[in-house]
Amino acid sequence: MSTFNLQNIVRKHILSLAPYSSARDEYTGKEGIFLDANENPLGSATPENWNRYPDPYQWEIKKKLAPIKGCRPSQIFLGNGSDEPIDLIIRLTCEPQEDNIIILPPTYGMYEVSASVNNVEIQKINLTADYQLDTDKILASINLKTKLVFICSPNNPTGNIIHRASILKIIENLQHGIVIIDEAYNDFADEPSFISELDSFPNVMVLQTFSKAWGLASLRLGMAFAGEELIKLLNKIKYPYNINGLTQKALLENIDNLDFVKNTVQTLTQNKEKLSNDLDKLEIVTKIFPSDANYLLVKFTKAKQVFDYLIEHKTIVRDRSKVVLCEDSLRISVGTEVENEQLISLLNTYKPLN
Ligand SMILES: *Cc1c(COP(=O)(O)O)cnc(C)c1O
């Protein structure tokens, strides 16, 4: 691990750049007469006041989140969805048209979109037939211009956990780049997070989100966890007040209710088992992939026809049948008991066209 040096990975102009210094950077106290940010001192039109800029580093949230996640507040970055840290880590490290990232299809779409927006080359190394890492091929593809490897575990859309040993192998062999482990669905899996190992791996960034198990997708709040040095660099290039005050307030009202998350995971896991059993009885279902997440990848005979039939009946699943290694597969989010029963009864009355 000793050869890793973040300074060699970050784009040179960012290392030397002077970040914007906001009013709330320059005076961090909470008490006083605030005449430094050109805010409206009269308040807002509504009873609740939104006239003051929010904390640019969301310390109140991070202090509550750190013990929940088993890390230090300074190892946390909060973003406008996971989309923000995905974009920022690419912009922090990848010189457009020069550096490259590795992604592992079939996987989450945003890594490719963000890299493309930033005009950064993408190397695609498909997962194996059982949706695990092709470690030899990944390691052979890493070159001196490879800055990032995105690993999604549990993987979207396949639903499975990626074996820890193979992730560790990539981490140990990427000394001039960063491994991003997207754990958006970790709450649903019986697998420890890589957050607890950040102190051993300075070349790792973990992504999690409030959009799934926490039930807060509308807030747009994603988390990144990494060593302090990397988090400081992300803070340096983010929009100064990237998490708005309304979102911070709403999260603080939710964050103590860990029972909600626990009960959600328990309920959705039960619903998933039931849904999987019910799907298994259908003749049109040819395979249900094992899932450590809150969705099932399901293989059908003529998936597109099934998809269209469900749409006709106002039941919307995700068509993944055109995605590599997901031929004839639909991704189905686990719903409530009633929603899942309605889906199953629709599929029961489905008559395949010839
Ligand atoms: C849903 C999801 C996210 C979360 O995205 P947000 O922008 O935080 O809502 C991240 N990664 C994967 C793989 C996902 O499926």
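Colleague: What makes H4 and H8 a contact, and which residues meet there?

Modeller: Contact means heavy atoms within 4.5 Å, and here Leu88, Ile89 and Leu92 in H4 meet Leu230, Leu233, Leu234 and Ile237 in H8. Helices are DSSP runs (H or I, at least four residues), numbered from the N terminus. This is a predicted model, where local features need pLDDT of at least 70 and side-chain atom pairs count only at pLDDT 80 or more, while totals for chains, interfaces and linings use all residues. Residues are numbered from 1 along each chain as its sequence is written, and side-chain values use heavy atoms, leaving out hydrogens and water.

Colleague: Why are H4 and H8 called roughly perpendicular?

Modeller: Their axes, lines fitted to C-alpha atoms over the stretch in contact, cross at roughly 95°. Angles of 65 to 115 degrees count as roughly perpendicular, so that's the label H4 and H8 get.

Colleague: Why is the pair of Tyr53 and Tyr241 called stacked?

Modeller: Rings pair if their centres lie within 6.5 Å, and planes under 30 degrees apart count as stacked. The centres of Tyr53 and Tyr241 are 4.6 Å apart and the planes sit at 25°, so stacked it is.

Colleague: And what makes Tyr108 and Tyr111 edge-to-face?

Modeller: That word needs planes over 60 degrees apart, and theirs are at 75°, with 5.5 Å centre to centre.

Colleague: How do you know whether Tyr111 is buried or exposed?

Modeller: Buried means under 20% relative accessible area, exposed over 50%, partly exposed in between. Tyr111 has 0%, so it's buried; Tyr108, at 27%, is partly exposed.

How values were computed. Axes are lines fitted to C-alpha atoms, for helices over the stretch in contact, and angles run from 0 to 180 degrees between N-to-C directions. Helices (H or I, at least four residues) and strands (E, at least two) are DSSP runs, numbered from the N terminus. Angles under 35 degrees count as roughly parallel, over 145 as roughly antiparallel, 65 to 115 as roughly perpendicular and the rest as oblique. Rings of Phe, Tyr and Trp (its six-membered ring) pair if their centres lie within 6.5 Å; planes under 30 degrees apart count as stacked, over 60 as edge-to-face and the rest as tilted. Buried means under 20% relative accessible area, exposed over 50%, partly exposed in between (1.4 Å probe, protein chains only).
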